[in-house]
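Student: Could you walk me through this structure while I have it open?

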Amino acid sequence: MEYLFLALIIVIICVFISCIKIVPQSYAYVIERLGGYKETWGVGLHIKMPFIDRIARKVLLKEQVVDFPPQSVITKDNVTMKIDTIVFFQITDAKYYTYGVDNPIMAIENLTATTLRNVIGELELDQTLTSRETINESMKVTLDLATDPWGIKVKRVELKNIIPPPAINEAMEKQMKAERERREAILRAEGEKTSTILVAEGKKSEAILSAEAEKEAAILRAEAKKEATIKEAEGQAQAILAVQQANAAGIRAIKEAGADEAVIRLKSLEAFEKAADGKATKIIIPSEIQNFAGGLKAVTEVVKDN
């Protein structure tokens, strides 16, 4: 009897321990009592009623990622391609997630395929290849609205791969090749144009510099010629001055020696003759010397007559 009582106590303790539950972080437990929803447990320590309460579902509240296999879609211009998508979602209500739909992941996959076909069906091939952001946003809005009654929040939708048919791939490669060749030709033409412009500008600058150099050289030559002419004129003036000074000194010496006025005037004429030296075009002779020269000529004529 004692062993039976001890066993009963051990069973009661085990049942009580089994009714103590700890809900970890980022989880929620959906509790049912007698087959009906009772409550949702959050993080922490909880105790359920034995035999009448049960944990219906343990729900992960972290953001989850589902990668769906490629889906066949048809564009507006009747091109068939395959697109695989990635859906990022988070469960916001464990109760709706548990009771809203039988298989939430399968439901999201089917809904994603349907939404993708609807969105791509309104776009042409080129728009499909270049409008990933638009498609992602459109699908996100549609899926989020549809999964809200299931307690699911769609965070983001991404197109992982867009796989066109082989013929389309080949045509796209040819188009890309032609586009690269066109850009290469344009760049080459622009380079040649720029090179021609630079060469022309260089020749123009060279011609301008050459003209300026010639102009400066001509100015320097003119200045040098002017300087030479001035120096030559100054040299001639100094030579004439030196001759005049020498003649003046000779006349003073003759005068000091007691020569008469006629001899002095003759010496003056000789001085003017030397000063002219055949280069002067006009010589100004003082009036006294001119009168003397006229008298001398008259005396010479009288002597000749006799």
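This is a predicted model: local features need pLDDT of at least 70, side-chain atom pairs count only at pLDDT 80 or more; totals for chains, interfaces and linings use all residues.

Student: What does the secondary structure come to?

Tutor: The protein has 8 helices and 9 strands. Of its 306 residues, 22% are buried, and the protein exposes about 21,600 Å², with carbon and sulfur atoms supplying 58% of that area.

Student: And what share of the contacts is between residues 24 or more positions apart?

Tutor: Among contacts with a separation of 6 or more, such pairs account for 63%.

Student: OK, the sheet with β2 in it: what is the strand order?

Tutor: The order is β3-β2-β5, in an open sheet of 3 strands whose pairing is antiparallel. The edge strands, each pairing on one side only, are β3 (36-41) and β5 (53-60). On average, neighbouring strands of this sheet are turned by 25 degrees against each other, if direction is ignored.

Student: How many bridges join β2 to β3?

Tutor: There are 5 bridges between β3 and strand β2, which covers residues 27-33. Across this pairing, tyrosine 29 stands opposite tryptophan 41 in β3.

Student: Switching to side chains, how many aromatic pairs are there?

Tutor: The count comes to 1 aromatic pair. Its members are tyrosine 37 and tyrosine 99, whose ring centres are 5.9 Å apart and whose planes stand at 80 degrees; the pair is classed as edge-to-face because that angle is over 60 degrees.

Student: Which parts does that pair tie together?

Tutor: Tyrosine 37 lies in strand β3 and tyrosine 99 in helix α2 (residues 94-99), so the pair links parts that are 62 residues apart in sequence.

Student: What sits over the ring of phenylalanine 88?

Tutor: That is the charged end of arginine 156, at 4.1 Å from the ring centre.

Student: Last topic, the backbone: what is phi of serine 26, and of asparagine 78?

Tutor: Most residues other than glycine have a negative phi. Serine 26, however, has a positive phi near 70 degrees, and asparagine 78 has a positive phi near 65 degrees.

Student: Where are they, then?

Tutor: Serine 26 is in the loop between β1 (20-23) and β2, where it is partly exposed with a relative accessible area of 21%. Asparagine 78 is in the loop between β7 (71-74) and β8 (80-91), and it counts as exposed at 66% relative accessibility.

Terms used:
Residues are numbered from 1 along each chain as its sequence is written. Side-chain values use heavy atoms; hydrogens and water are left out. Two strands pair if DSSP finds at least two bridges between them. Helices (H or I, at least four residues) and strands (E, at least two) are DSSP runs, numbered from the N terminus. Axes are lines fitted to C-alpha atoms, for helices over the stretch in contact, and angles run from 0 to 180 degrees between N-to-C directions. Rings of Phe, Tyr and Trp (its six-membered ring) pair if their centres lie within 6.5 Å; planes under 30 degrees apart count as stacked, over 60 as edge-to-face and the rest as tilted. A charge sits over a ring if NZ of Lys or CZ of Arg is within 6 Å of the ring centre and within 35 degrees of the ring normal. Buried means under 20% relative accessible area, exposed over 50%, partly exposed in between (1.4 Å probe, protein chains only). Contact means heavy atoms within 4.5 Å. Accessible areas come from the Shrake-Rupley method with a 1.4 Å probe; for residues, only the protein chains shown count as cover.
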